[in-house]
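Here is a short note to read with the model open beside you. Take the points in order and find each residue as you go.

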Amino acid sequence: MIDPAGDDRNEPPPSIDVTKPSVARVYDMLLGGKDNYESDRVIYRQIMEVAPDLPVWARENRRWLQRAVSWLTREHRISQFLDLGAGLPTAQNTHQIAQGINPVTKVVYVDNDPSVIAHGRALLLDNEYTDFAAADFTRPHQVLSDEAVVVGLDADRPFGLIEALVLHHVPDLDHAREIQAAYLDKLPSGSFVAISHACNPRDGSETARVAEAFEQRLAPSFPDLRFRTPEEILSLFGDLKVLSPGLVRLSDWNPYGEVDLEAPDIDDASNFLYCAVARKP
Ligand SMILES: C[S@@+](CC[C@H](N)C(=O)[O-])C[C@H]1O[C@@H](n2cnc3c(N)ncnc32)[C@H](O)[C@@H]1O
């Protein structure tokens, strides 16, 4: 079990209201980070009551990100990424993964959480090919015209659009689809979209039970969080063709079809995080 203790002795920047929990900081706690406050730890404890395996699946989300970005960089020669809802920097962020394969890969991160903006920017800007846009990803036109995006990415070459555990923060499905349509429309041909998303299969399964318990427990603090069915998640790819292996649990996404020897040895039923990758023709 991760020790979730944070360090309140660090004076938070004035832009951060530590009395309110932050999705970015709670998620960082799940990954073992220490950048959190009591308001976040209250939520972490609530999560542990209903979904004690979530730290395992949060780490699986980062391992999936690593596989997806490596595959796009290595096999599809994608050399620019737009990472929406980047989160607090942790080990192996998109730019480190991609630039470990192709050092001149450009990466622009987007996030609107004051903690991410305050702490993340400096840490993420460790090279000239990486930039950060402090923007709301639900406003695609604003994001795509942000200076970091306009200067950092070439609008005529294929992108990797990364949306890892972020679209479930848009409560209305039609709005989420509209946001997606705006991004997908602007993506150059040959681009890829990688999505991971909280799923409630609503089929009476153990996964559905855990997902429902999670949604209900977290609703008072994070009312915008929406788990979606597999069909609803797939609809966020618009008309794009989802590539093999389709929409699957994080640990099952491997485009090479290899057995993942590092996959966690616990029952998948508690894993409500799903992912898929699609390509724009
Ligand atoms: C669960 S974390 C995921 C972080 C990272 N993408 C990952 O998968 O490891 C969700 C992130 O999305 C960000 N986020 C949520 N809503 C956002 C919005 N409207 N605009 C920009 N970022 C947002 C949060 O601040 C948080 O950092």
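1. **Terms to start with.** Buried means under 20% relative accessible area, exposed means over 50%, and partly exposed lies in between (1.4 Å probe, protein chains only). Helices (H or I, at least four residues) and strands (E, at least two) are DSSP runs, numbered from the N terminus. This is a predicted model, where local features need pLDDT of at least 70 and side-chain atom pairs count only at pLDDT 80 or more, while totals for chains, interfaces and linings use all residues. Residues are numbered from 1 along each chain as its sequence is written, and side-chain values use heavy atoms, with hydrogens and water left out.

2. **Strand β5.** Start with β5, residues 192–198. Seven of its seven residues are buried. Both faces are covered. One side carries Phe 192, Ala 194, Ser 196 and Ala 198. The other carries Val 193, Ile 195 and His 197.

3. **Neighbours of β5.** Two strands pair if DSSP finds at least two bridges between them. Strand β4 (residues 160–164) pairs with β5 in the parallel sense, over five bridges. Here Ala 164 stands opposite Ser 196. Between β4 and β5 the chain passes through helix α8 (residues 173–186), and this β-α-β crossover is right-handed. Right-handed has a set meaning: with the strands pointing away from the viewer, the path from the first strand over the helix to the second runs clockwise. Strand β8 (residues 273–279) runs antiparallel to β5, joined by seven bridges. Find Phe 192 again: its bridge partner in β8 is Arg 279.

4. **Aromatic pairs.** A pair of aromatic rings is described by the distance of the centres and the angle of the planes. Rings of Phe, Tyr and Trp (its six-membered ring) pair if their centres lie within 6.5 Å; planes under 30 degrees apart count as stacked, over 60 as edge-to-face and the rest as tilted. The structure holds five such pairs. In one of them, the rings of Trp 71 and Phe 192 have centres 6.3 Å apart and planes at 75°, so this pair is edge-to-face. Trp 71 sits in helix α3 (residues 54–76) and Phe 192 in strand β5, so the pair ties together parts that are 121 residues apart in sequence. Both Trp 71 and Phe 192 are buried. Ring pairs also bring in Trp 253, making a cluster of Trp 71, Phe 192 and Trp 253.

5. **A tilted pair.** How are the rings of Phe 214 and Phe 227 arranged? Their centres are 5.5 Å apart and their planes at 50°, so the pair is tilted. Phe 214 is in helix α9, while Phe 227 is in the loop between α9 and α10, 13 residues apart. Phe 214 and Phe 227 are both buried.

6. Arg 228 lies in the loop between α9 (206–218) and α10 (230–235). Lys and Arg count as positive and Asp and Glu as negative; His and the chain ends are not counted. A salt bridge needs a side-chain nitrogen of Lys or Arg within 4 Å of a carboxyl oxygen of Asp or Glu. Arg 228 is buried but has no salt bridge. The nearest side chain of opposite charge is Glu 232, 4.9 Å away. What lies 3.2 Å from a polar atom of the Arg 228 side chain? The backbone oxygen of Leu 167 does.

7. **Backbone points to check.** Most residues other than glycine have a negative phi, and most peptide bonds are trans. Gln 92 is not a glycine, yet has a positive phi of about 55°. Gln 92 lies in the loop between β1 (80–84) and α4 (94–101). Its relative accessible area is 35%, so Gln 92 is partly exposed. Arg 202 also is not a glycine and has a positive phi, of about 45°. Arg 202 belongs to the loop between β5 and α9. At 47% relative accessibility, Arg 202 is partly exposed. A cis peptide bond joins Ser 244 and Pro 245, with omega about 10°. Look for Pro 245 in the loop between β6 (241–242) and β7 (248–249).

Note on methods. A polar contact is a pair of N or O atoms within 3.5 Å; within protein, one must be able to donate a hydrogen and the other to accept it, and residues adjacent in sequence count only if both atoms are side-chain atoms.
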